[in-house]
Amino acid sequence: MNLMQAFKMAFKSIASKKMRSFLTMLGIIIGVASVVIMVSVVQGMNKLSLQYLEAQGENKIQVYAYQYYGSSGNISDLLYEYCLGMQDLVLGVTPQVEVWQDITIKYGAKTFNTQNWDDWSKRLTIKLGSDQFGVCNNYTLGGGRELSFLDVEKTNQVCVLGGGAKEILFDFVDPVGETIFINSQPFLVVGWYEATGLEGMSDMDNVVLLPYTFNRTLNNNQDINDYVVKARSATDTTLAIARLKAFLGGFITPGENGYYNVYSNNDWSNQVQEQSLMQSLVLGAIAGISLLVGGIGIMNIMLVTVTERTREIGIRKAIGAERKSIIVQFLIEAAVICGIGGLIGILLGCMGALIAGKFLLQGMILWPSSVITVGAFTFSVVLGVLFGLYPAIKASSLQPVDALRAE
Amino acid sequence: MLIDIQNLYKIYNEGQESEVRALDGVSLQIDRGEFVAIVGASGSGKSTMMNVLGCLDVPTRGRYNLNGTDVTSLKDKDLARIRNREIGFIFQGYNLLQDLNALDNVILPLIYRGTSIFEREELAMAALARVGMDGRAHHRPSQMSGGQQQRVAIARAIATHPPIIMADEPTGALDSKTGRHVLSILQQLYREGTTILLITHDDGIAATAPRVVRLSDGKIISDAHQEVDWL
Ligand SMILES: Nc1ncnc2c1ncn2[C@@H]1O[C@H](COP(=O)(O)OP(=O)(O)O)[C@@H](O)[C@H]1O
Ligand SMILES: [Mg+2]
């Protein structure tokens, strides 16, 4: 019997035992598909975090300092001055405050309230910053200009729009030179930033930036506690953080007369990487378990049919099958079932990953890692083939009469 | 001499408490073209004898020449060839593959023989037609009666036109009318020159065989030729 015939025999056997073939495939499909989906989702999550980080830019230091009421000195102003004084290390410094009271923003017939959370992806926020806000937060100017030093000094009624805010308010019209109304006060749009292009970045994109000197009117003249410092390099970031901590430590004993915190998104990036390592480990475990479950399914169905298959082998030997042709047939049979199952698993896995990306990861297109996919496929197929071959190897060396007697 | 066994033993659990001498020093010669019934009570060693003669099992000791070849020294490949080309088996329990239809069951030995794909189906259909089962070619065993399944099994046994047919209680699971039909097929094959080895515990069936070998406790106790009415 040649190979062609062995193939035909195997296909005939698969087709004639649809239920068994299907159940075997199912184990493999489940194993492979679940591994592919899970790996894709976790990788997608990591990618999203990194994109988010990237959009925020490197070497961004966030400084937060707060003194209890009645403490001497005004840490807010001192801190700002100190930050501006680190000229050797920084590219820019800005106060960064979000206005939390409900503000009405109007343009033409459109009205928005900053505390309207019905559709958070369309919610506008008002932020206060300096002329260096764009540099500090890694924005790219799309048109017009940034806030100017004078705008801040004179508390000019001007604003710069984030890419999202521009689109929400103006669709695709150029907003520069238009006037919007913030709590009925006219503000001239002087510029706008490119959108990050990332979904889930609405807090960066849907922003209306005003000079921070509006803190007095829009924020009840509370002290500004938050600053963003953009350092020149990673080394400068570390240096700047050390200096800022030393500076703030000279005024504030945390818990006694206030709090402060200085951190950079470089730390965060390290965290994301650590976290992604953790996730990979957890994932490996989960992937292992689902492969195992699929594998046990395959084993089960293969072993349950050993008796039946042993009798079948007895019959085949009695009518003239050689040991070799039985093994080849069983090998092809198992390989074909497992291979098809594995391919279906990959297909379903990719589809599942795309769906998961769409609904869980803001429309991100997830491509499964090829290493994991090939690994899961190979594992399932090897397992299936081993257990599929088991009765053939065991029974084909028996005397036909002993195989026929199997119970 | 087609079949020649000398001092053949098949001993299960040799040397143990539970030792069974299924064949206890048997010698037997069968010529080409004979019709031999092997009879005996249940447990007398008939099936063991057929299995050894059909190369489905190996003897514990003794010599077995088939067609002048010492089969005890043959390898799997040659034994498979003998089972495929020289001998057709008919079992009491039919031993059809349940998942294949009648035609595919009958085609199976032709595939192992290496018959060209263009001839297989024709040969298998011819074999089915010989036993009157061509109308059921596409039925599965589970959709057939016992007699029909046995006829398909006979078709499978004769598909490669083997010179020897060995049947182990082929009518054992059938009613007497169907049984007679199966016997008549064997008799027809005999007339065409096939050597028939028919195993039975039924003296009535044994009475239809030109030669009767009687077994008891693994030994041959008689071996006689007789007149039969169908010749
Ligand atoms: N695989 C086996 N292991 C142990 N004893 C066996 C085995 N096969 C058959 N026997 C014994 O050998 C004897 C002959 O069996 P068998 O040839 O099947 O008899 P028959 O076909 O005449 O009824 C019986 O006693 C049976 O129990
Ligand atoms: Mg018997």
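Predicted model: local features only at pLDDT ≥ 70, side-chain atom pairs only at ≥ 80, totals over all residues.
Start where the two chains meet. On one side, 26 residues of chain A are in contact with 28 residues of chain B. The size of an interface is often given as the accessible area lost when the parts come together. For chain A and chain B, the buried area is about 2,300 Å². Carbon and sulfur atoms give 58% of that area.

What kinds of pairing are found across this interface? Eight residue pairs are in polar contact between chain A and chain B, with both residues at pLDDT 80 or more. Four helices of chain A each give two or more residues to the side that touches chain B: H1 (3-16), H11 (306-318), H12 (323-360) and H14 (400-404). H11(A) gives the most, with seven residues. Sorted by class, the residues on this side of chain A are nine nonpolar, six polar and eleven charged.

Charged residues bring up salt bridges. Side chains of opposite charge can pair when their charged atoms come close. The count between chain A and chain B is three salt bridges. A salt bridge joins the side chains of Lys17(A) and Asp99(B), with a distance of 4.0 Å from N to O.

The next topic is the pockets. The largest pocket has a volume of about 860 Å³. Its lining is made up of 38 residues. To find its centre in the structure, look for Tyr64(A), Gln96(A), Val97(A), Asn225(A) and Asp226(A), which lie nearest to that point. Both helices and strands of chain A give two or more residues to this lining. The helices are H2 (18-56), H7 (202-205) and H10 (265-304), and the strands are S1 (60-67), S3 (97-98), S12 (226-231) and S13 (258-264). Which element gives the largest share of the lining of the largest pocket? That element is S1(A), with six residues. By class, the lining of the largest pocket has 17 nonpolar, 15 polar and six charged residues.

The second largest pocket has a volume of about 550 Å³. Among its 25 lining residues, those nearest the centre are Val401(A) and Arg405(A) from chain A, and Ser47(B), Asn51(B) and Asp168(B) from chain B. H14 of chain A supplies at least two residues of this lining, as do strand S2 (20-30) and helix H1 (46-53) of chain B. H14(A) was named above as one of the helices on the side of chain A that touches chain B. The element that gives the most to the second largest pocket is H1(B), with four residues. The lining of this pocket divides into seven nonpolar, ten polar and eight charged residues.

Now turn to the cavities. The structure holds two cavities of 30 Å³ or more. The largest cavity has a volume of about 90 Å³. Residues that line the largest cavity include Arg20(A), Met302(A), Arg309(A), Phe330(A), Glu333(A) and Phe387(A). H12(A) gives the most, with four residues. The lining of the largest cavity has six nonpolar, two polar and three charged residues.

The second largest cavity holds about 70 Å³ of space. Ala318(A) and Ile319(A) are among its lining residues, and so are Arg83(B), Phe89(B), Pro109(B) and Arg156(B). In chain B, helix H2 (76-85), strand S6 (87-90) and helix H5 (146-158) each supply at least two residues of this lining. The largest share, three residues, comes from S6(B). Six nonpolar, three polar and two charged residues make up the lining of the second largest cavity.

The last topic is salt bridges in the structure as a whole. Over all chains there are 24 salt bridges. One joins the side chains of Glu312(A) and Arg309(A), with 3.1 Å from N to O. Where do these two residues lie relative to each other along the helix? Glu312(A) and Arg309(A) are three residues apart in helix H11 of chain A, so about one helical turn separates them. Arg309(A) is also one of the residues that line the largest cavity.

How values were computed. Residues numbered from 1 in each chain as written. Chains lettered and ligands numbered in written order. Heavy atoms only, no water. Contact = heavy atoms within 4.5 Å. Buried area = accessible area lost by both parts, 1.4 Å probe. Polar contact = N/O pair within 3.5 Å; in protein donor to acceptor, adjacent residues only side chain to side chain. Nonpolar A, V, L, I, M, F, W, Y, C, P; charged D, E, K, R; others polar. 1 Å grid on protein atoms, 1.4 Å probe; cavity = no way out; pocket = protein on both sides within 12 Å on 5 of 7 lines; lining within 4 Å. Points joined across faces, edges and corners; volume = space filled by probe spheres on them.
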